[in-house]
Number of protein chains: 2
Amino acid sequence: MISVVKGGLTAVPGFRATGVRTGIKHRGLDFFLLASEKGSVPSAGLFTSNKVKGAPIQVTQKNLEDQKLGAIVANSGCANAYTGKTGLKNAEKMTKLTARALDMDPDDVGVASTGLIGTQLPMDLIQEGVDKALETLSNTWEAGENAAKALMTTDTMVKEIAVETDLEDGTKVTIGGAAKGAGMIHPDLQATMLAFITTDAYITPAGLKSALKKSVDQSFNMVSIDRDTSPNDMVIALANGLANNERITRKHPSKKFQEGLDKVTTELAKKIAKDGEGAKHFIRVRVEGAKNLENARLAARAVAGSNLVKAAVFGNDPNWGRIVTALGYSGASFKPEKVSISVRSEGKEAPVVLDGEGLPGESLNQASKIMDSDEIEIYIKLDSGKGAATAWGCDLTKEYVEINSKYST
Amino acid sequence: MISVVKGGLTAVPGFRATGVRTGIKHRGLDFFLLASEKGSVPSAGLFTSNKVKGAPIQVTQKNLEDQKLGAIVANSGCANAYTGKTGLKNAEKMTKLTARALDMDPDDVGVASTGLIGTQLPMDLIQEGVDKALETLSNTWEAGENAAKALMTTDTMVKEIAVETDLEDGTKVTIGGAAKGAGMIHPDLQATMLAFITTDAYITPAGLKSALKKSVDQSFNMVSIDRDTSPNDMVIALANGLANNERITRKHPSKKFQEGLDKVTTELAKKIAKDGEGAKHFIRVRVEGAKNLENARLAARAVAGSNLVKAAVFGNDPNWGRIVTALGYSGASFKPEKVSISVRSEGKEAPVVLDGEGLPGESLNQASKIMDSDEIEIYIKLDSGKGAATAWGCDLTKEYVEINSKYST
């Protein structure tokens, strides 16, 4: 039984967080700090597969080599990516300033940045951020929310969640998370966008890494806003063990913990899809009957990522020809003559393709009416096996183009 | 010495063509016929890699098994894709009606369709098209232009070209071509969009196939409008041998013929990119210094295909961070710290990244001014080898979204 509880990162005992304003971003909170009261704890991370890796990615990967972190510092407004040796030094400096303030080893601090690529971090403002953060660091839910707010760039809504779940041994554990993501969103395979997760579960680093990888593959890695994979994607989980449950390891995983973690990552992934730049429709693509899981994922992600499908959804157009086309180039194997497709929203459903045949205009008009909703599902039934997967995305709107064509130098 | 000559498909001796109106499309010419006066001649084709293949693809692939065709019939306004057994029968019927009119074997007729996916061809209009086409079939350049016009869907300009070139043995050969393409354009590897090519060169089918494959890889396969690969892409070349040159074969290819063919396919590819749905900027992406040809192509095509780069170009924004990001996920291997990028148009050039470092605001302002032009080039210099490639595309505009969000049932 998983229950959603108030708050995000700080809903978990033993974690404090904050978000403050330094002025790196032109408005709003822009400096994030998460700290473990116990100091460094078992941690796991997954990073972008983009060959161009931002400086914070390089530093955090190094600091995670011992599979432990005690704090994460982050800023929005400047990605510190493609910033050369100076950028690398600045990312290291961020961990040092944070470590000094928290009386930790710099190697125990993870660092993340998001915003414009190619500009150097204003280090005086970073120092100011550390000072202000130290004053406001707290375990209240407001502090957790501020932390989540400080990660936002073109995001329009805060993305956080916390759940409680009972493990197999009866222990209650809490898992909290915060994320950002609005554009340049198409996490690739072993990677993801900016997301941080806390838990009080007692779990080994290898167990945590394994659970995180599984969870990310079916959540963040199934979101596409624009098929552009960022150089700064990262997801990090910290587990402080305060729940004192029977130890979870890679060889002895906990199904209940996995379910709780999946709930957190999936809800954050959905929030990211809902908040895609310029989005008017949240799109859920559900594929069933695929040859296997991998085929289901390929199919779902291709449909959720197609510019033409996304533009059609913007116009409430049940253009199933584009859906079938995306299935065709997805790489998934299936029999075109066995495909059925319907659109769903608010408990209603309209079929548009039945056993490989497109349905007539009246069905499509019905489908179009159903699509006139903030949240729709494209349900695809293949007939090749038992593979099923869900992908999330949003429509392609004129506002997306507007947001991304503004020359801002 | 390659010279461009007036006309397209019919600039080549021995080929007649026409475009007529039947009413399949809501306005304009919509029925295409190309016929070889010699009857069936050596021919080669490349087809979509999409798993969902339109009925015309299936029929034409079969008819090309003997590597000969004598005519191509095509329509716009209805793709005859995802139309089941009826669609397949209708595509075969199109070849039969055409064959009867031209006194040919149905197996010698290629067939193509473009337009809406999932609706059946109105066969009475197809019959009407064949009748009208037979009356107007001609070797004039106007007839060739009408044929090219009849292929258009959301295209706004005719795409045709013809070149003359002297072969190694001194013989003059002519190569003509016509194409269509505006949306759902991202030809995949061994495939391409609708394009037909005629030549009077004396060449074996295997020699023609080999030359065509090489040519398409560096032309049509380097165009991306929206990263959506259509189920109906095809390119077909017919060679009637009237030029009486020394026979070209796969083992004895002609460099001069290849150059002429490359000129035809490249110019058609550029016309397709220029006419991308809603395009305001034509974008040429030139990559040099890549590890090898394959790496250069991956890099060029990723940049030309990135939604974020395309939206930035729409806003005259020299957002090189997005270019570097696309390079990073392209799959090409390169050293990020060795990349240089500049933008060019109308003989002017502004660097934006030099040896891995982003240039300051004044350089970017200069670049933005240069980008305020109908045609721009993004020039990327890697420093990993001698691979070079060019890709073509267009910007992502609000009009693209407008065009593709209209619900038209």
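**Notebook: charged side chains and one buried serine**

I began with Lys132(A), which has 33% relative accessibility and therefore counts as partly exposed. I note at the outset that the model is predicted.

**Entry 1**

I then checked Glu128(A), which counts as partly exposed because its relative accessibility is 32%. For the whole structure, over all chains, I recorded 38 salt bridges.

**Entry 2. Salt bridges in chain B**

I turned to Glu145(B), which forms a salt bridge with Lys149(B). The closest N and O atoms of this pair are 3.6 Å apart. The two residues are four apart in helix H4 (residues 141-150) of chain B, so about one helical turn separates them. I read a relative accessibility of 24% for Glu145(B), which is therefore partly exposed. Lys149(B) is also partly exposed, at 31%.

Next I examined the salt bridge between Arg16(B) and Glu37(B), whose closest N and O atoms are 3.8 Å apart. This pair links distant parts of the chain, the two residues being 21 residues apart. Arg16(B) sits in strand S2 (residues 15-20) of chain B, whereas Glu37(B) sits in the loop between strand S3 (31-36) and strand S4 (41-47) of chain B.

**Entry 3. A network in chain A**

Which residues are linked in a network of salt bridges? I listed Asp155(A), Lys159(A), Lys180(A) and Asp275(A).

**Entry 4. Charged surface patches**

I looked up the positive surface patch and found Lys62(A), Lys93(A), Lys96(A) and Arg100(A). Which element gives the most to the positive patch? I found that helix H2 (residues 84-102) of chain A does, with three residues. Arg100(A) lies in this helix H2 of chain A.

I then looked up the negative surface patch, which is formed by Glu65(A), Asp66(A), Asp105(A) and Asp107(A). I located Asp66(A) in the loop between helix H1 (55-63) and strand S5 (68-69) of chain A. Its relative accessibility is 44%, which means that Asp66(A) counts as partly exposed.

**Entry 5. Ser405(A)**

Is Ser405(A) buried or exposed? I found 10% relative accessibility, so Ser405(A) counts as buried, the limit for that class being under 20%. I placed this residue in the segment after helix H11 (398-404) of chain A. What does Ser405(A) touch, leaving aside residues up to four places away in sequence? I recorded Ala311(B), Ala312(B), Phe314(B) and Gly315(B).

How values were computed: Residues are numbered from 1 along each chain as its sequence is written. Chains are lettered from A and ligands numbered from 1 in the order in which they are written. This is a predicted model: local features need pLDDT of at least 70, side-chain atom pairs count only at pLDDT 80 or more; totals for chains, interfaces and linings use all residues. Side-chain values use heavy atoms; hydrogens and water are left out. Patches are made of residues with over 30% relative accessible area and no salt bridge: like charges are joined within 9 Å, nonpolar side chains (Val, Leu, Ile, Met, Phe, Trp, Tyr) within 5 Å. Accessible areas come from the Shrake-Rupley method with a 1.4 Å probe; for residues, only the protein chains shown count as cover. A salt bridge is a side-chain nitrogen of Lys or Arg within 4 Å of a carboxyl oxygen of Asp or Glu. Lys and Arg count as positive and Asp and Glu as negative; His and the chain ends are not counted. The place of a charge is taken as NZ of Lys, CZ of Arg, CG of Asp or CD of Glu. Buried means under 20% relative accessible area, exposed over 50%, partly exposed in between (1.4 Å probe, protein chains only). Contact means heavy atoms within 4.5 Å.
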